[in-house]
Amino acid sequence: MKNNVFFVSGTDTGVGKSYATGYLAKVWNASGKRTITQKLVQTGNTDVSEDIEVHRKIMGCGMLQEDRQKLTMPEIFTYPCSPHLAAEIDGREIDFSKIEAAVGDLSAKYDAVLLEGAGGLMVPLTRSLLTLDYAAGKGWPLILVTSGKLGSINHTLLSLEAARSHGLDVFMVMFNKYPQEEDKTISEDTEKFLRDIVARDFPGAEYMEVPVIAGTGE
């Protein structure tokens with residue numbers, strides 16, 4: 001498998017990972033880097049991943065052949081909760097071999113795969129396996145999505161420290177400006193603080209702002 005899979009996680013559930021994932025795919029594709037997005041585990045859906053639909057909308061394309069083949073959404077559970085509980089409610093285990101086969105297929109066809117997780121890094125996939133340990137075990141570089149809302153500094157620093165202590169390579173931090181925060185005093189200072197922290201403590205990581213994209217309706 002080529003080393004071109006990037007794991008996208010967030011500081012919390014509502015930070016806008018899907019929005020940011022779609023945006024990065026759009027940027028990379030526009031630069032000539034053939035990029036596809038994938039969902040590690042989707043919960044709260046039945047047949048189609050709503051997060052993949054968000055990606056495609058931001059990317060400005062319709063559903064892809066790989067979407068119809070379920071390669072981009074190999075595991076979908078019906079209950080909108082953590083993957084470990086969603087799997088238990090649906091009465092079946094997460095099929096990690098199915099996920100890994102899909103990742104391998106996409107990795108072979110594209111220059112980059114943006115693999116979006118569910119929730120944050122500490123979300124359990126099973127009763128004994130956390131998301132960040134699974135991603136670290138696969139050697140996937142981390143793209144962390146954060147925002148300017150109150151509490152983001154704390155959540156971002158905790159996530160970065162967890163990534164470092166569990167052996168995840170921080171490839172990029174994305175500061176998501178959608179939705180726009182009402183308190184610009186907090187959001188602007190949060191952005192400056194986090195940009196400085198990334199530059200100081202993770203000098204090898206990229207920092208990217210995710211703008212509000214007109215006409216997406218997201």
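This report describes the sheet, the helix packing and some local features of one predicted model.

The model is predicted, with local features requiring pLDDT of at least 70 and side-chain atom pairs counting only at pLDDT 80 or more, while totals for chains, interfaces and linings use all residues. Residues are numbered from 1 along each chain as its sequence is written, and side-chain values use heavy atoms, with hydrogens and water left out.

**The sheet**

Six strands form an open sheet in the order β2-β5-β1-β8-β9-β10, and their pairing is parallel. Helices (H or I, at least four residues) and strands (E, at least two) are DSSP runs, numbered from the N terminus. Two strands pair if DSSP finds at least two bridges between them. At the edges are β2 (35-39) and β10 (206-210), each of which pairs on one side only. On average, neighbouring strands of this sheet are turned by 25° against each other, direction ignored. Axes here are lines fitted to C-alpha atoms, for helices over the stretch in contact, and angles run from 0 to 180 degrees between N-to-C directions.

Strand β1 (residues 5-10) pairs with β8 (residues 142-147) in the parallel sense over four bridges. The bridge partner of S9 in β8 is L144.

**Helices on the sheet**

Helix α2 (residues 50-59) lies across β2 and β5 (112-120) and runs at about 160° to β2. Helix α5 (residues 96-109) lies across β1, β2 and β5, at about 175° to β2. Contact means heavy atoms within 4.5 Å.

**Helix pairs**

| Helix pair | Angle | Distance between axes |
|---|---|---|
| α1 (residues 17-30) and α2 | about 40° | 8 Å |
| α7 (residues 152-165) and α8 | about 20° | 10 Å |

Angles under 35 degrees count as roughly parallel, over 145 as roughly antiparallel, 65 to 115 as roughly perpendicular and the rest as oblique. The helices α1 and α2 are therefore oblique to each other. Their crossing is right-handed; a crossing is left-handed if the near helix is turned anticlockwise from the far one by less than a right angle, and right-handed if clockwise. From α1, the residues S18, Y19, T21, G22, Y23, A25, K26 and N29 meet D51, V54, H55, I58 and M59 of α2. The residues of this contact divide into six nonpolar, five polar and two charged. Ala, Val, Leu, Ile, Met, Phe, Trp, Tyr, Cys and Pro count as nonpolar, Asp, Glu, Lys and Arg as charged, and the others, Gly among them, as polar.

For the second pair, the angle makes α7 roughly parallel to α8. The crossing of α7 and α8 is right-handed. In α7, S152, I153, T156, L157 and R164 meet T190, F193, L194, I197 and D201 in α8. Five nonpolar, three polar and two charged residues make up the contact of α7 with α8.

**Salt bridges and local features**

The structure holds 16 salt bridges, each being a side-chain nitrogen of Lys or Arg within 4 Å of a carboxyl oxygen of Asp or Glu. One of them joins D47 and K70, whose closest N and O atoms are 3.4 Å apart. D47 lies in the loop between β3 (42-43) and α2, and K70 in the loop between α3 (65-68) and β4 (76-77), so the pair ties together parts that are 23 residues apart in sequence.

Most residues other than glycine have a negative phi, and most peptide bonds are trans. K70 has a positive phi of about 70°, although it is not a glycine. The peptide bond from Y178 to P179 is cis, with omega near -5°. P179 is placed in the loop between β9 (170-176) and α8 (184-201).
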